[in-house]
Structure formats: structure tokens, C-alpha cells
Amino acid sequence: MREFDVQIGAFTAEIEEELKSGNLSFPTVFDLSLRIKQLADDPNASVEDMAKVVRAEPVLSAKVLKMANSLLLNPYQREISNVSAAVSRVGSSALRCLAYAVAADQLARDQRSRQMQLVASGLWMHSIDVASWAYAFARHLGRGNPDTALLAGLMTHMGQFYLMAMAARRPAIESDLREFAQFVLKWETAVRQAVLEAFELPEQIIDAVNVDLVTPITWPPRSLGDVLFLAIQAAETPNPFADILGLGHRPELLEASLGDDGRAEFDALVAAARETRQQMLAVVTGD
């Protein structure tokens, strides 16, 4: 028996047990995200409490300052140079997004092999591409809170990230990326649901992320789930697991959603939202 089969069998058993017990073994890269989430949910936590956690992570501090000084949140460009003021300007919802982005980036860097680093980096870039489009579309369409759309976009592939993080402990898995991709796509929905519940995210986000994203929507978009669907279609960075399996971009889904009348409106939306998407993408990536 191949070592891959031994390790993927053990991995399957571990995932099944975690889902059954409801006890997920979160990789350490997610510790920061969980601490930020706990503070954001605590009515007694102050801005300074959150700022202390942010200051302890230099990458997150830099991203928070950059977001607070971006044109999106600071159109008059009055420079914010201290973390407490930046946290106050950014808000707890966007802070959660940035903490998760830092964790996802760290996950990509922690992979042992160059091959798996490329897959993890590709998944991270795809996720923040989707999230940035979701933010931009929500803002331009006036469909709910853009920060909520950003977080929902980041969480869309949370199951894949979790499985990637857990796979780092099993080096033989990288010997057959195609079978591993099939494994990830098989388990991602159940794992994502468990992760979202463990993070105790609002039902609005859980419902949106769990919408069937391979079934056409009806134009114009009416819900956060519709916005996520459009963001995935607009994303310019592919999902590496879908690419490995030949399940990449599917323009027919978008065409079926838009019909004859919606194409021009969608193209106009993309054009109008592109700059906002680019600004948010730069904030999250730190570019």
C-alpha cells in the first residue's frame, strides 16, 4: 500500500472523529483569529483590549494601520499612526477579516514543501480575490454591510484552508495532489460548516457561505449569497484545487444567471467596483 493511502486513510478517520465529536483541532496559525473573535464578541472588551492583541502581531498591526489610512476608510487622509486609533477606525468586523488573512498567509508559508506552498498561496490569493470583489459588490450594490461581505468571502473556502493546515503534518499526501484535491473537495463542505459554527459566526454569513455556488442565481442579486456567487465568478485568481481537477472557471454559470438583460448591468458593476476591489485587495495583502 502506498504511504499516501496510509496517511490519507488516517486523515479521513481523524476528520470523521472531529466532526462527530464537534472538537476541531485548530492549527496554531488560527489562534490570533480566535482571540480577535473572542474580544470582538465580548461586550466588556474595549478598543484598547483589542489593540493590545493587534500590537503583539506586527503583520496584523501593519495591515490594520494600512486599512485605517486607506481611501476606503480615511477619504480625507488624516494620517492615523497609532494602533488603538486604527482599531477604532477599522472596527471589529474588518479586524476579524484582517486577522484571518494573516492566519491564511501564515498557513501558506508554513507548508513544508514548495509544491504545497504554491497550492496554499494560490488558495489564499483566490480567497482574498473573492472577498475583495464581495466587499466591492456589496458596497456598490448597497446589499448589506461590505465588511460582512468581506468576511463571508474569506470564509467561503475555510474548509479547504483547514484541511490544508491539517495536511501539513502528513508529508506523503503531497505525492498525489490530484487525489488530495478530490479529498479536499469531498470534505470541505462538512468541515467548513463545523469551522463556521466553532467561530460562532452570524447566521447571515453561515447561510451565505453555504449557498449552492454551482447553481445559477437570478439577476439582480438580492442576498449576500448572490453577492458571493458573483464575486467567485469575477475572481481573477483561480482556486488551485478546482484547477487541479479541471473544474476551473465556469462562465456558463454566470451567463445562465445574467440572462439577456443582466450582462450589460453586470459588466457595468464590475467596471464600477474594480477600483474598490483593488484598494481592498491591496489592504489585505499588504501590497
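A crossing of two helices is left-handed if the near helix is turned anticlockwise from the far one by less than a right angle, and right-handed if clockwise. Helices here (H or I, at least four residues) are DSSP runs, numbered from the N terminus.

This is a predicted model, in which local features need pLDDT of at least 70 and side-chain atom pairs count only at pLDDT 80 or more, while totals for chains, interfaces and linings use all residues. Residues are numbered from 1 along each chain as its sequence is written, and side-chain values use heavy atoms, with hydrogens and water left out.

## Two helix pairs

Two packed helices are described by the angle between their axes and the distance between the axes. Axes are lines fitted to C-alpha atoms, for helices over the stretch in contact, and angles run from 0 to 180 degrees between N-to-C directions.

| Helix pair | Angle | Axis distance |
|---|---|---|
| H7 (residues 114-141) and H14 (residues 251-285) | about 125 degrees | 7 Å |
| H1 (residues 3-21) and H9 (residues 158-167) | roughly 130 degrees | within 12 Å |

H7 is therefore oblique to H14. Angles under 35 degrees count as roughly parallel, over 145 as roughly antiparallel, 65 to 115 as roughly perpendicular and the rest as oblique. H7 passes H14 in a right-handed crossing. Contact means heavy atoms within 4.5 Å. Residues of H7 that make this contact include Ile128, Asp129, Ser132, Trp133 and Phe137, and those of H14 include Phe266, Arg274, Met280 and Leu281. By class, the contact of H7 with H14 has 16 nonpolar, four polar and four charged residues. In this count Ala, Val, Leu, Ile, Met, Phe, Trp, Tyr, Cys and Pro are nonpolar, Asp, Glu, Lys and Arg are charged, and the others, Gly among them, are polar.

Leu281 lies in H14. Leaving aside residues up to four places away in sequence, Leu281 touches Ile128, Asp129 and Ser132. Leu281 counts as buried because its relative accessibility is 11%; buried means under 20% relative accessible area, exposed over 50%, and partly exposed in between (1.4 Å probe, protein chains only).

Phe11, Glu14, Ile15 and Glu18 of H1 meet Tyr162, Leu163, Met166 and Ala167 of H9. The contact of H1 with H9 has six nonpolar, no polar and two charged residues. H9 is mostly covered, with 10 of its 10 residues buried.

## Aromatic residues

The structure holds eight aromatic pairs. Rings of Phe, Tyr and Trp (its six-membered ring) pair if their centres lie within 6.5 Å; planes under 30 degrees apart count as stacked, over 60 as edge-to-face and the rest as tilted. Trp133 and Phe137 form a tilted pair, 5.2 Å centre to centre and with 35 degrees between the planes. Both lie in H7, four residues apart, about one turn of the helix. Trp133 counts as buried at 0% relative accessibility, and Phe137 counts as buried at 0%. Phe11, Phe180, Phe183, Trp187 and Phe241 form one aromatic cluster.

## Two loops

Pro220 is in the loop between helix H11 (203-209) and helix H12 (224-234). The peptide bond from Trp219 to Pro220 is cis, with omega near 5 degrees.

Ser81 lies in the loop between helix H4 (58-68) and helix H5 (83-90). Ser81 counts as exposed because its relative accessibility is 62%. The C-alpha atoms of Ser81 and Asp147, 66 residues apart along the chain, are separated by 22 Å.
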